[in-house]
Amino acid sequence: MKKTVVVYGSSTGTCQSIAETIASKLGVEALDVANFNADVVAENENLLIGTSTWGAGELQDDWYDGVKVLKEADLAGKTVAVFGCGDAESYSDTFCGAMAELYNAAKESGAKMVGEVSTDGYTFDDSEAVADGKFVGLALDDVNEDDKTEGRIDAWLEEIKPAL
């Protein structure tokens, strides 16, 4: 596997915990987006980026500067996968929607995007992070479906590992 970093934004600790789980399974570092900059982008060939979704589908607050880093970076030749946390019961109409903003920023900067996940098995009404029947990344509801989190992470990692 090429040099990889997991970057997360977390307000309550859920996304941080998920990022640390992903990083541990890959044997790489998990980095708070507050410490994400052009040097981190330059040092890594793979970026796994994660956010929680707030309110009406907004990014986790710390990601606003992180999105600027993504948009200003030349991600050509880099592989990026997105993951997100949401609450499909309380916020069924914006479930994990913030992933779309990370996905779009990385894709527009030239990254090779991997890690789309089928919406099969999820219960929600709508999400900005769904395109062609798939989430743009790994969507997790650790609030209501924490019993599915580990299995979903493992399946996603097996899917993306060949590209990393």
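1. **Basis.** This is a predicted model: local features need pLDDT of at least 70, side-chain atom pairs count only at pLDDT 80 or more, and totals for chains, interfaces and linings use all residues. Residues are numbered from 1 along each chain as its sequence is written, and side-chain values use heavy atoms, with hydrogens and water left out.

2. **Salt bridges.** Side chains of opposite charge can pair when their charged atoms come close. A salt bridge here is a side-chain nitrogen of Lys or Arg within 4 Å of a carboxyl oxygen of Asp or Glu. The structure holds six.

3. **A link between helices.** D154 sits in helix α5 (residues 146–160) and K25 in helix α1 (residues 14–26), 129 residues apart. Helices are DSSP runs of H or I with at least four residues, strands are runs of E with at least two, and both are numbered from the N terminus. D154 has a relative accessible area of 32% and is partly exposed. Buried means under 20%, exposed over 50%, and partly exposed in between (1.4 Å probe, protein chains only). K25, at 34%, is also partly exposed.

4. **A pair within α3.** K68 and D65 form a salt bridge, their closest N and O atoms 3.8 Å apart. They are three residues apart in helix α3, so about one helical turn separates them. D65 is exposed, at 54%.

5. **E145 and K148.** In this salt bridge the closest N and O atoms are 3.8 Å apart. E145 is buried, with a relative accessible area of 13%. K148 is partly exposed, at 35%.

6. **A lysine without a bridge.** Where is K78? The residue lies in the loop between α3 (63–72) and β5 (79–85). K78 is buried but has no salt bridge; E45, the nearest side chain of opposite charge, is 7.1 Å away. Beyond neighbours within four places in sequence, K78 is in contact (heavy atoms within 4.5 Å) with residues including V41, N44 and A111.

7. **A buried threonine.** T51 lies in strand β3 (residues 46–54). Is T51 buried or exposed? T51 counts as buried, because its relative accessibility is 0%. Leaving aside neighbours within four places in sequence, its contacts include W63, F83, M99 and L102.

8. **Helix α4.** M99 and L102 are among the buried residues of helix α4 (residues 99–108). Just after α4, G110 takes a positive phi of about 100 degrees.

Conventions: Lys and Arg count as positive and Asp and Glu as negative; His and the chain ends are not counted.
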